[in-house]
Amino acid sequence: MDKVIELRRAPAAKSEARTVVILGATGSIGKSTEDIIAGADGAFQVEAVAGGRDPRGLARVARALGAKFAALADPSGYAELKEALAGTSIEAAAGEAAVIEAALRPADIVVGAIAGAAGVAPTFAALSAGRTVALANKECLVCAGPAFMRQAAASGAKLLPVDSEHNAIFQAMGDAELATIEMITLTASGGPFRTWTSEAIAKATPEQALTHPNWSMGPKVTVDSAGLMNKGLEVIEAHYLFGVEAARLDVLVHAQSIVHGLVAFTDGSVTAGLASPDMRVPIAHCLSYPKRISTAARRLDLASVGQLTFERPDFERFPALRVALEALRTGRGLPTVLNAANEVAVDAFLNRLISFHEIAAMVEKACDAALADGVSHEPDSVADALAIDQAVRERTRALFGKQAASSLFMH
Ligand code: NDP
Ligand code: MG
């Protein structure tokens, strides 16, 4: 199967083709991006692709898209990447500096689709160089939102939202003045535990958390979605991206994932962004913005969907959402702390070191501790945000070490 894909010819780029760099090319967003580009009839030319630890996967996508440069974050995968690219003119490189180099290659648009805070430095590098960034990686803004938005303003770089809710809101806002927006609503599917009791959610296994009803995504964002932490991260992302304070950001649970975001105006009008739950829709919108391209993305057929339902989120059963919203309201760098602690907690859950309900509990504990001892403050640069991130990771990991020794379920 891989062979067939490898032999597929990269689409011949047109002279007016947009040049693209894909950071996180081997992941779920990366694959959807590949699909759009492969089907766009030469409208895009891929300059570089970057990935984490999968040299063969990275070589495959680099070949399929005819990239000029392939960068793997994990230096130990260099030989395998080089071997997998043998016989092509694609340059191979590995290590964190190589990923930054990929981000800085000349391009019209950089797709930021690395998972987690690992994406902060390369995405920030692209933004600082004035590139238009199609941002999927919400952790960039949660970890270092003020620095990202300041840098975008200073370099004149555009930050286009790939996250489906933000993309829908961006489209629904049009060029409205912020003062005329009364409320921005992000919808949440509710995830696999939408109808479960607190007791059942507390004992959920990684397999259950990784089974999302509507979206197929990478493991970290899927676990975040199951506990509604993802929606909390997205409200924080929306706060920075759109420059709207917490009081004007709302969440509604909408099980069908058809209406992704709504904008209510001061005159009583409401506009909304709708689409089938298919990430190729917002990715295509960002890649071609402000024009539109034709895609093979799933079309929305409202008659066959039949009913659209909406309900208020339940903060009792989904405490992660409450913890994230409190972090946003408190400020003082707590979103940075929340993001770091959550990444460590999700990892521990996936490794069966802690139970599902302990994810939110540990994140809350990390936020309280960081406020109490002064670790948490509004970061004034990306370096400052990453220093807080690192300190919180170390402390949260130490906390898990103690927990793992005492209680906890092992399968
Ligand atoms: P995946 O886990 O599927 O993919 C993550 C990608 O990041 C992989 O290509 C991985 O490489 C790469 N990566 C990891 N660490 C590094 C690193 N240090 N340097 C370079 N590349 C690295 O995640 P998703 O595609 O699902 O999500 C990506 C981002 O987009 C996340 O922030 C997520 O929240 C956001 N998002 C995702 C959506 C979705 O539908 N999937 C929807 C909306 C937002 P490798 O494979 O080699 O490990
Ligand atoms: Mg989303």
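Modeller: Leaving out residues up to four places away in sequence, R312 touches D250, V251, L252 and V253, where contact means heavy atoms within 4.5 Å. This is a predicted model, in which local features need pLDDT of at least 70 and side-chain atom pairs count only at pLDDT 80 or more, while totals for chains, interfaces and linings use all residues. Residues are numbered from 1 along each chain as its sequence is written, and side-chain values use heavy atoms, with hydrogens and water left out.

Colleague: Which side chain does the side chain of R312 make a polar contact with?

Modeller: That of D250, at 3.5 Å. A polar contact is a pair of N or O atoms within 3.5 Å; within protein, one must be able to donate a hydrogen and the other to accept it, and residues adjacent in sequence count only if both atoms are side-chain atoms.

Colleague: Is R312 buried or exposed?

Modeller: R312 counts as exposed because its relative accessible area is 57%. The cut-offs are under 20% for buried and over 50% for exposed, with partly exposed in between (1.4 Å probe, protein chains only).

Colleague: And where is the place of R312?

Modeller: In the loop between α14 (302-305) and α15 (319-330). Helices (H or I, at least four residues) and strands (E, at least two) are DSSP runs, numbered from the N terminus.

Colleague: Switching to strands. Which way do the residues of β6 point?

Modeller: In β6 (residues 132-135), T132 and A134 point one way, V133 and L135 the other, and all are buried. In general, side chains in a regular strand alternate between the two faces of the sheet.

Colleague: In what sense do β5 and β6 pair?

Modeller: β5 (residues 109-112) pairs with β6 in the parallel sense, over four bridges; pairing needs at least two DSSP bridges between two strands. V111 stands opposite A134 in β6.

Colleague: How many residues of α6 are buried?

Modeller: Seven of nine, so α6 is mostly covered by the definition of buried. Among them are V120, T123, F124 and L127. Those four are also touched by F148.

Colleague: What follows α6?

Modeller: G130, with a positive phi near 85 degrees.

Conventions. Chains lettered and ligands numbered in written order.
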